[in-house]
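Hi everyone, thanks for making time this morning. Let me put the structure up on the screen, and then I'll walk you through a few spots in it.

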Amino acid sequence: MAKTHKNLFEKVVSYQNLFLAFRKTKIGKSYQKEALRFNYNLPIELLNLQKELKKERYQFGPYKEFTICDSKERMIKAPPFRDRVVHHAICNVIEPIFDKSFIYDSYACRKNKGSHRAVKRVKKFIWAIGDDSFCAKIDISKYFPSVNHQKLLSLLEKKINDEKLLRLLWKLIRSSETGSEFDNLFSPDSPYFHHGPKGIPIGNLTSQLFANVYLNELDQFVKHKLKIKYYIRYMDDFLIFKKSKKELHSLIKEIRDFVSNNLYLDLHPRKIRVFPLKNGVDFCGYVIFKNYIKLRGKTVRRIKKKFFRLQKKFKKGEVSFERYIAAINAWQGFMQHGKTYQLQRKLFGDDLFF
């Protein structure tokens, strides 16, 4: 693949791009201490940031680590506000370049995509292939912690022909690691290439893009090498639809070999399922059938738990009315895509059913 995109570094570090990146970064964070401090001397902060980036002296700061428990426990590494501005500046420039190469049916962290559109697409697939067919649901084991740094850089190099930007990206990729023993490894011939440093922080905006760039290799393999028509991916979860179980099991073996040999990843052994479509497809928090969609049982239980916890805080005066209503509206927005009328009535009551 020819590297056609040059002089990108100058676009990343331009004052206009850094200002746009700041505006995006402060959304939802305007009153946080870091954001207020940065905004107080905004022109000076942006000029200093630009100067450090241009001279290639910029150093990414330490991450704040914390664990969240949603559908599963995840370790989040949150970067400093200043780093977030740089992340947005990078994505402003390179995301459109890579997004053009992604397949249509990749739905995570992309404009005009998302989980609700993914669910509707799955329903279309079921109608197209027939609910007497089968689906394989496959998951990458520990995806974000397993992304190989050297492989990721080599994929970025396919599109980017700008050494300064590549050096900044390499520094960013390695920013969540300690030590410098691998800092100068750029060659696929290195003995550390396959088993070297790995992992990208879930809390980074750039990690969402990097994750799609990395698994785009799988998407291209599935669509063009295996020639699978009905395939959809949402981050590290993906579905394949076929008429027979035998076909699916054969495809799973080829996919397992590809991700192992080419991406240095493993399929999650306990999260590979082959099942008839008439049983429904569990995907993105919903169970999708040919004629209707309902919420996954775990999702319902999680929403109930969060709602009752929020309700207690609201009654104690620990949560404002505005935040309370905003949370309910958000849940209703999610639930309206499934068969949930009675559930919403039971949870939120007539007076809060908008």
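Let's start in the loop between β3 (134-139) and α7 (143-146), which is where Lys142 sits. Phi of Lys142 is near 45°, a positive value in a residue other than glycine. Keep in mind that this is a predicted model. For background, most residues other than glycine have a negative phi. Is Lys142 buried or exposed? With a relative accessibility of 64%, Lys142 counts as exposed, because the cut-off for that class is over 50%.

There is another positive phi to show you, at Glu56, where the angle is near 60°. You'll find Glu56 in the loop that runs between α4 (42-54) and β1 (64-69). Its relative accessible area is 30%, so Glu56 falls into the partly exposed class.

Now for the aromatics. How many aromatic pairs does the structure hold? There are twelve, and I've picked out a couple. One of them joins Phe22 and Phe81: the ring centres are 6.2 Å apart and the planes meet at 75°, so we call this pair edge-to-face. Phe22 belongs to helix α2 (residues 15-25) and Phe81 to helix α5, so to speak a link between distant parts of the chain, with 59 residues separating the two. Both Phe22 and Phe81 are buried.

Phe125 and Phe241 are both buried.

While we're on rings, please look at two lysines. Lys113 lies over the face of Tyr104, 3.5 Å from the ring centre. Over at Trp127, the charged end of Lys290 sits above the ring, at 4.4 Å from its centre.

Next, a helix: α8 (residues 149-157). How many of its nine residues are buried? Eight are, which makes α8 a mostly covered helix. The buried set is His149, Gln150, Lys151, Leu152, Leu153, Ser154, Leu155 and Leu156, so under the cut-off each of these has under 20% relative accessible area. And what covers them? The cover includes α5, α9 (163-173), α10 and α11 (245-262).

Two of those helices, α5 and α10, bring us to my last stop, the second largest pocket. Its volume is about 370 Å³. Fifteen residues line this pocket, and the closest to its centre are Lys24, Cys91, Glu95, Cys109 and Lys111. The elements that give two or more residues to the lining are α5 (81-99) and α10 (205-225). Which element gives the largest share? That is α5, with six residues. Sorted by class, the lining has six nonpolar, four polar and five charged residues.

How values were computed. Residues are numbered from 1 along each chain as its sequence is written. This is a predicted model: local features need pLDDT of at least 70, side-chain atom pairs count only at pLDDT 80 or more; totals for chains, interfaces and linings use all residues. Side-chain values use heavy atoms; hydrogens and water are left out. On a 1 Å grid over the protein atoms alone, a cavity is a set of points where a 1.4 Å probe fits but cannot get out, and a pocket is an open set with protein on both sides within 12 Å along at least five of seven lines; lining residues have an atom within 4 Å of a point. Grid points are joined across faces, edges and corners, and a volume is the space filled by probe spheres set on the points. Helices (H or I, at least four residues) and strands (E, at least two) are DSSP runs, numbered from the N terminus. Ala, Val, Leu, Ile, Met, Phe, Trp, Tyr, Cys and Pro count as nonpolar, Asp, Glu, Lys and Arg as charged, and the others, Gly among them, as polar. Buried means under 20% relative accessible area, exposed over 50%, partly exposed in between (1.4 Å probe, protein chains only). Rings of Phe, Tyr and Trp (its six-membered ring) pair if their centres lie within 6.5 Å; planes under 30 degrees apart count as stacked, over 60 as edge-to-face and the rest as tilted. A charge sits over a ring if NZ of Lys or CZ of Arg is within 6 Å of the ring centre and within 35 degrees of the ring normal. Contact means heavy atoms within 4.5 Å.
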